[in-house]
Amino acid sequence: MQNFDFQNTTRLIFGKGQIARLADLISDGTKVLVTFGGGSVKRNGVYQQVTEALKGKNYIEFWGIEPNPSVETLRKAVALGLEEKVDMLLAVGGGSVLDGTKLVAAAIAEPQRDAWDIVKTGQMPKQIPFASVMTLPATGSEMNNGCVISCHETKEKFSARGDYPVFSILDPETTYSLPPHQIACSLADIVVHCFEQYMTTPGQSRVLDRWAEGVIASTMEIAPLIRQNQHDYDLMSDYMFCATMALNNFIRMGVTQDWCTHQIGHELTALCGITHGESLAMVYPGTLKVLREQKKAKILQFGERVLGVVDGTEDARIDQTIAAIEAFFKSLGLATRLSEKGIGMETVDEITRRFNARGVHLGENHNVTGDVARQILLASL
């Protein structure tokens, strides 16, 4: 393993009825800006639970943080927070609401800087305190220090890192009303989060390999069961916890990471409006095909340990493993080819141009340049 310095400060509060604990978690003297998405929390009862818990507290609301949160929307939240002199932020919703709230926390802490300028540096060195009530498992944002923000004006999407949520409340019952497509996209996101940290260099950590394999295997196991019964509390608890454990920085300690699929996926979202999880389902099989020699040992390991692929030559087992991963995405009802969404060479050319202009060197070996990303996209058509 490589040297590492690990700290995760988020207090995770998990289980049914835990939203009521907001009354004790937020002190009476704190002025809070509560951030929301498009209104689903009113339909599923979460809004009523939150407002009941905050009764008597000093808080204001901001609505409208969209999926793939845009800096244009978040600037409005920043302006409201500064005008009202808030001390803390509480994100109520999915990972996009929390991602956006993390940037709002940074821009309020440094009002002299534009929010998009902060994003482009990749770092949020100052933030006011923020916390979350998570309702859509996927991003792991509830227990990590990253966010991903879009700019509609430039059709760009970048990530930035800062502090961790002070606390996050996860009640699996909030997932009962999620639309099937949202769940499918989130399941793909969970799995690829793990793959980006696992499917890299062999022999780094037995512990973290087994940890990542366990989260992926659990996600693949529960995916068809969720379609059968979305109101099974224990099942949805596993679903919610898989999302958190996939990207709370635990399985990346001291190991190499990839993330080229995510970077390509961000471009597909920015340019074509593709839902993030589905963009990963379309790109990841192509990543494995193009980088199969580099990732050979880990593909074989995953195939044997998780999928039971043990027969045939190494090349045949690699082919079978990649096909099985793609089949999993298909089983979720997601597209696994760019052409299924009408994406063609114009987008491939633009992503290649952008990556080459930025001089990117992605992946665990820093060898995924714009031209290699082009090969991945061509393999994903």
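# Buried rings and charged pairs

User: Phe-302: buried or exposed?
Analyst: Phe-302 counts as buried, at 0% relative accessibility. Buried means under 20% relative accessible area, exposed means over 50%, and partly exposed is in between (1.4 Å probe, protein chains only).

User: What kind of model is this?
Analyst: It is a predicted model: local features need pLDDT of at least 70 and side-chain atom pairs count only at pLDDT 80 or more, while totals for chains, interfaces and linings use all residues. Residues are numbered from 1 along each chain as its sequence is written, and side-chain values use heavy atoms, with hydrogens and water left out.

User: How many aromatic pairs turn up in the whole structure?
Analyst: A search finds eleven aromatic pairs. Rings of Phe, Tyr and Trp (its six-membered ring) pair if their centres lie within 6.5 Å; planes under 30 degrees apart are stacked, over 60 edge-to-face, and the rest tilted. One of the pairs is Tyr-198 with Phe-302, edge-to-face, 6.1 Å centre to centre and 65° between the planes.

User: Why is the pair of Trp-211 and Phe-250 edge-to-face?
Analyst: Because the planes of Trp-211 and Phe-250 are at 85°, with the ring centres 5.5 Å apart. Trp-211 lies in helix α8, and Phe-250 in the loop between α9 (233-246) and α10 (260-272), 39 residues apart. Trp-211 is partly exposed at 28%, whereas Phe-250 is buried at 18%.

User: Which rings link into a cluster?
Analyst: Phe-195, Tyr-198, Tyr-284 and Phe-302, through ring pairs.

User: New topic. How many salt bridges are found?
Analyst: The whole structure has 22 salt bridges. A salt bridge is a side-chain nitrogen of Lys or Arg within 4 Å of a carboxyl oxygen of Asp or Glu.

User: What does Lys-31 meet in a salt bridge?
Analyst: The side chain of Lys-31 meets that of Glu-84, at 2.9 Å from N to O. Lys-31 is in strand β2 (residues 31-35) and Glu-84 in helix α4 (residues 71-84), 53 residues apart. Lys-31 counts as buried at 16%. Glu-84 counts as partly exposed at 27%.

User: What about Asp-114? Which side chain does it meet?
Analyst: Asp-114 meets Arg-75 in a salt bridge, 2.9 Å from N to O. Asp-114 is in the loop between α5 (95-109) and α6 (115-121) and Arg-75 is in helix α4, so the pair ties together parts 39 residues apart in sequence.

User: Which residue forms a salt bridge with Arg-337?
Analyst: Glu-326 does, with the closest N and O atoms 2.5 Å apart. Arg-337 is in the loop between α13 (314-331) and α14 (345-358), and Glu-326 is in helix α13. Arg-337 is partly exposed at 24%, while Glu-326 is buried at 9%.

User: Which residues are linked in a salt-bridge network?
Analyst: Glu-267, Glu-350, Arg-353, Arg-354 and Arg-358.

User: Last one. Which ring does the charged end of Lys-42 sit over?
Analyst: The ring of Trp-63, 4.8 Å from its centre. A charge sits over a ring if NZ of Lys or CZ of Arg is within 6 Å of the ring centre and within 35 degrees of the ring normal. Lys-16 also lies over the face of Tyr-233, at 4.2 Å from the ring centre.

Definitions and conventions: Helices (H or I, at least four residues) and strands (E, at least two) are DSSP runs, numbered from the N terminus.
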